[in-house]
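Trainee: I am new to this structure and would like to learn how to read it. Could you take me through some features one at a time?

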Amino acid sequence: MLGGTFDPVHLGHLRSAVELREALALDRVHMIPAAMPPLRGEPRVSPDERLALLRLGIADTPGLVADPRELERDGPSYSADTLASLRGEVGDKARLVMALGHDAFLRLADWRDPERLFALAHVVVIDRPDHEAALPAALRELLAGREVEQGEALMAHPAGKLLRLRLPSRMAISATEVRRRLATGRSVRYLLPESVEARILSRGLYRHA
């Protein structure tokens with residue numbers, strides 16, 4: 001599970017999903033747009049439009065799935081509920097992973113029912129080399145005894161562990177900057193898949209700051 005607002009999906013999101021799948025030998029990566037992210041501002045375009053852009057971006061990429069389950073649920077998009085839905089599909093013995101970026105990871109202890117996340121899945125943090133600050137005390141307590149150093153140790157269990165993973169590309173693309181460029185009429189070429197860029201421009205999405 002790789003969640004996010006995907007507002008809009010960009011090449012950094014997609015490349016991270018591909019490299020995550022390769023690094024952990026995952027069967028598939030479910031890219032799941034959030035309808036109402038509890039700890040973030042309201043996305044700039046509709047859930048249906050963000051899903052359409054995600055599907056265009058993924059296209060026929062092997063192993064990547066645009067998963068609409070959070071958009072089909074009422075209320076805020078709590079990750080524990082999404083993991084419970086996925087766990088119900090794959091069964092108790094499958095290895096289930098929730099991947100998230102470093103900024104989201106630092107707030108993990110503030111998420112709804114964070115202990116339940118580890119009961120349902122492993123957590124993989126897509127690390128950033130420029131983030132070496134000490135972790136908040138509540139997060140250190142949540143992670144006590146959970147961290148492993150290698151993917152093999154992670155995959156020895158269905159859930160419950162934490163792995164920090166540095167992906168090869170680490171593409172520093174920001175959806176905020178993409179939106180800012182679109183709002184001011186500047187180029188977003190090579191930041192987005194061409195099909196995503198074409199739909200955004202043809203529909204006038206993100207045109208206003």
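Trainee: Where does R199 stand on the scale of relative accessible area?

Mentor: Buried means under 20% relative accessible area, exposed over 50%, and partly exposed in between, with a 1.4 Å probe and protein chains only. R199 has a relative accessible area of 22%, so R199 is partly exposed. Keep in mind that this is a predicted model, where local features need pLDDT of at least 70, side-chain atom pairs count only at pLDDT 80 or more, and totals for chains, interfaces and linings use all residues. Residues are numbered from 1 along each chain as its sequence is written, and side-chain values use heavy atoms, leaving out hydrogens and water.

Trainee: Which side chain meets R199 in a salt bridge?

Mentor: A salt bridge is a side-chain nitrogen of Lys or Arg within 4 Å of a carboxyl oxygen of Asp or Glu. The partner of R199 is E49, at 2.4 Å from N to O. This pair links distant parts of the chain, 150 residues apart: R199 lies in helix α9 (residues 194-203) and E49 in helix α2 (residues 47-58). Helices (H or I, at least four residues) and strands (E, at least two) are DSSP runs, numbered from the N terminus. E49 has a relative accessible area of 9%, so E49 is buried.

Trainee: How many salt bridges does the rule give?

Mentor: The count comes to 13. Among them is the one between D67 and R69, whose closest N and O atoms are 2.9 Å apart. D67 counts as buried at 5% relative accessibility, and R69 is buried at 12%. Another joins R186 to E177, with 3.9 Å between the closest N and O atoms. Salt bridges that share partners join E177, R180, R181 and R186 into one network.

Trainee: Now the strands: why is β5 described as largely enclosed?

Mentor: Five of the five residues of β5 (residues 122-126) are buried, so the rest of the structure largely encloses this strand. In a regular strand the side chains alternate between the two faces of the sheet. Here H122, V124 and I126 point one way, while V123 and V125 point the other way.

Trainee: Which strands pair with β5?

Mentor: Two strands pair if DSSP finds at least two bridges between them. Strand β4 (residues 97-101) pairs with β5 in the parallel sense over five bridges, and V97 stands opposite H122. Strand β7 (residues 162-165) also runs parallel to β5, joined by four bridges; there, R164 is the bridge partner of V125.
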